[in-house]
Every structure is written in C-alpha cells, then in structure tokens.
Amino acid sequence: MLDIQSLRNDPESVANRLALRHFHLDGAAFQALEQERKLVQTRTQELQAARNSLAKRIGQAKGNGEDVSALMSAASGANAELQSLEAKLLQVQARLQDFLLLIPNLPHASVPPGQSAEDNAEVRRYGTPRQFDFAVKDHVDLGEALGMLDFATATKISGARFTLMTGPLARLHRALAQFMLDVHTREHGYTEVYAPYLVNAASLRGTGQLPKFEEDLFRVPFGLEDPAPNEAEEVLKQGATSVSSPRQKNLYLIPTAEVPVTNIVRDEIVPLALLPLKFVCHTPCFRSEAGSYGKDTRGMIRQHQFDKVELVQIIQPEKSYAGLEELTGHAETILQKLELPYRVMALCAGDMGFSAAKTYDLEVWLPGQNAYREISSCSNFEAFQARRMQARFRNEKGKPELVHTLNGSALAVGRTLVAVLENYQNADGSVSVPAALRGHMGGLEKIERLS
C-alpha cells in the first residue's frame, strides 16, 4: 500500500509515476474522500474539545452547588453528535483504505519504461543453448514416452491443468526441491520454514493478493466465525439492536509461499540486530489461472497446482536493493549448478506485478519451445507490503520504521523439471540426470523407460 502522505503532499508526482505502469490514479475521487475526512475529523475534534470543556464546567458547577441541568443537556447533545461523527469517520477512513488497497506500487527509478513483456530489458545471459544432432522433443513427449508423466490420469482425477508423475521422474521432482533447499540453507544462509498451505484473508491483504486478485485464488469455506469485537461494537453504534449471526469463514490455498512466510512479521516490530531475516520455504502453490485460458495449455508450464521453493528477505530500507541483487544471484546459482542456460530480464513498468517496485525475471532456455521461458521472479516491494502488514523494525534511534520485503522463486520446481528434461534429453528418449542432482537421486545417472 502506498504512503497516504505522499498522495496528500504530492499527488501529481504519484499519478505520473503510476502512469508509467499504465494505471490511472483517480485524483478527484481521492480529493473528495480527503475533503470528507477532513470535515468529519475537524468537527469530531471540535466536539471532543467541547465535551471535555463541558465536563470540566459541570464538575466546577457541581462543586459550587449550581444547577447543571443546562450543561448536562448540552453535554448529552454533544455526546450524541460525537458518537455519530465517530462512526462516520470510521466509515470514511475505511473507504480511504479500500481506495488505497487497489493502487499498485510505484516503480523504482531504475525500472525501464514499457507496456508489456516485449519492452523488458535483458541484463545478462548465462550458458549457451545445447546444439542437438537429433530431433528435439518437448517435456510432454519425453515424459509420456518414459511412461512417467501422465496428464490423462491427472485430468480424470482432478481436471485440466494438473499433472501426475511416477517413478524416477517423481523422484527427480522431489530431488530438485531438496537440492534447492540444501543450497539455500547451506550456502546462502537462509532459514528453512515449513508454513501453512491455507491462509486467512488478512495474510493475502498483507502481501497484495487481496482485494484485487481474489479471482486468481482458491477459496476454501472453513466453518463459521463471529464478528470481531470491534466490528460488533460498530454495528451497535450505528443503531442496530443486535449483532448479525455467525457468518461463513473462508481460508485460501496459498498461491505462493511468499504469503505465509512474509506474514511471519505482520504486526511485529523486529529488533534491528535480527535483520535481515532470510527464509526459504518449499510448498505446493495453487492458482486458478483466471484470465489465462488458452495459454500454455500443453504440459506443465501453467498449472493449477505446482511446487516452488521461495526465498523471502525482510530487510532495512537502505539495504533492500543490494538485497534484491543478492537474492536474484541466489536464484541464479541453482540454474548455474544445474548447467541450464538462462537470461536475466529487468521487467518494464507495464509488466511488473501489482506489489513490486522492481523485478528481475530469470528465463530458462527450453529447447522444446526454442525459447526462453520464465522460471523465477525476484522482486523488491520496498515498504508496500510492510505498510499493509504493519511490519516494522526498530532503527538505530530506537524508533519503529517499516521494513522492506523481498522475495523470489528459487526456483519453480515444475518448470525446472521441464528445463532438465528438455536440456538433458538423449537421442534414445532417455534423460541424463544433472551431476548436481545425482546425490539426491541415489547415484542414478540416467532416467530410462521402465521395462
């Protein structure tokens, strides 16, 4: 969420920076909300001062034995109006909050301009795509010919965009995740986290998935909940005689481990000495892929369920961009150890995710598609998520300050499996196991069709 003070103090500059993302800031709507807030807040403060003055006068009058009926009547009227205004102020502030929750983050000054992926800027490349002396297959043909990748059965069990793997291929998928976790914990200093796969709405609001992207999530009804105490109080303030009955409680399947892991610091003040916090987490991820119908329908590139190893850093603001370079390098290390060719792309303003201030995409070479495809996104969100979560640290002066949050896939396990299958395929249909993975595969050097 953006700092509301920046909107109040320099709305034109904020609007211009958002325009780089092709987002139109409705300045008139914001100013109307602000004007209403100011009027209500000013009147509320005036009445609070009047009420305090009346209370003092009533006390003095009583002490002098004077008639206080007129003062009591005035105080009663002030209290009634004040109660109404306080409820109205809460409503206006809630509308302001809803307005802010739908505004994306401001792009960092180093982000290239542009409208779409075609305008992303290549930063560097690693490795040279292998030259094959036989007809290259994609991962679908390779996996199905091995008898270990079964989309038909997955569709029977669940529906489209699911995958069933068996035998050594399923083990390779597991080995990739274990390999990534080992590298990041042993070599890069991350703390491994096991996190819930179901999260509440507050967690998704904290990282920016809600309210804007609810259609991309899988919502799971999860019993009933009573209204929160403060919510019940507000309902009664507004004249209701009773609070509504318990309502449906929902949890959501995580779209990425970013959500539960980043929310570890929600509503917390982290001691400066503990920063940066560096977490790594392997989870399944669940996405409805709303709006992607017809895209990547073949194979494992775009699935409703997939695994990912996620890196999260919670860091001081002045160190966050150095942290982004470091985190991106950690993700690159996995591709380098697997000897997979890739390139690093700086996303343009128009192609970045909602919450990001700057993003690097890692794109791995897929011979079966004769193209580089995204395998990781590494982003700095600056204080955008922290402001939503009220995630803070105590700075050198001992004062609470918002942290900056970073995360990146290191890597998407299924897409890494795709890259290994296609880059390590052999003319006979077998797939060589990368040297870096053989220790996690019990020494197996080649995946061949089971007889």
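Q: Is Glu118 buried or exposed?
A: Glu118 counts as exposed because its relative accessibility is 67%, where exposed means over 50%, buried under 20% and partly exposed in between (1.4 Å probe, protein chains only). This is a predicted model, in which local features need pLDDT of at least 70 and side-chain atom pairs count only at pLDDT 80 or more, while totals for chains, interfaces and linings use all residues. Residues are numbered from 1 along each chain as its sequence is written, and side-chain values use heavy atoms, with hydrogens and water left out.

Q: Where is Glu118 found?
A: Glu118 is in the loop between α4 (69-101) and β1 (121-126); helices (H or I, at least four residues) and strands (E, at least two) are DSSP runs, numbered from the N terminus.

Q: And which residue 230 positions away along the chain has its C-alpha 8.9 Å from that of Glu118?
A: That residue is Cys348.

Q: Changing topic, what is the strand order in the open sheet of eight strands?
A: The order is β1-β11-β12-β13-β16-β10-β9-β4, with mixed pairing; two strands pair if DSSP finds at least two bridges between them.

Q: Which strands stand at the edges?
A: β1 and β4 (191-193) do, each with a single partner strand, so one side of each has no neighbour in the sheet.

Q: How many bridges join β4 to β9?
A: Three bridges join β4 to β9 (residues 277-286), and the two strands run parallel. Thr191 has Phe279 in β9 as its bridge partner.
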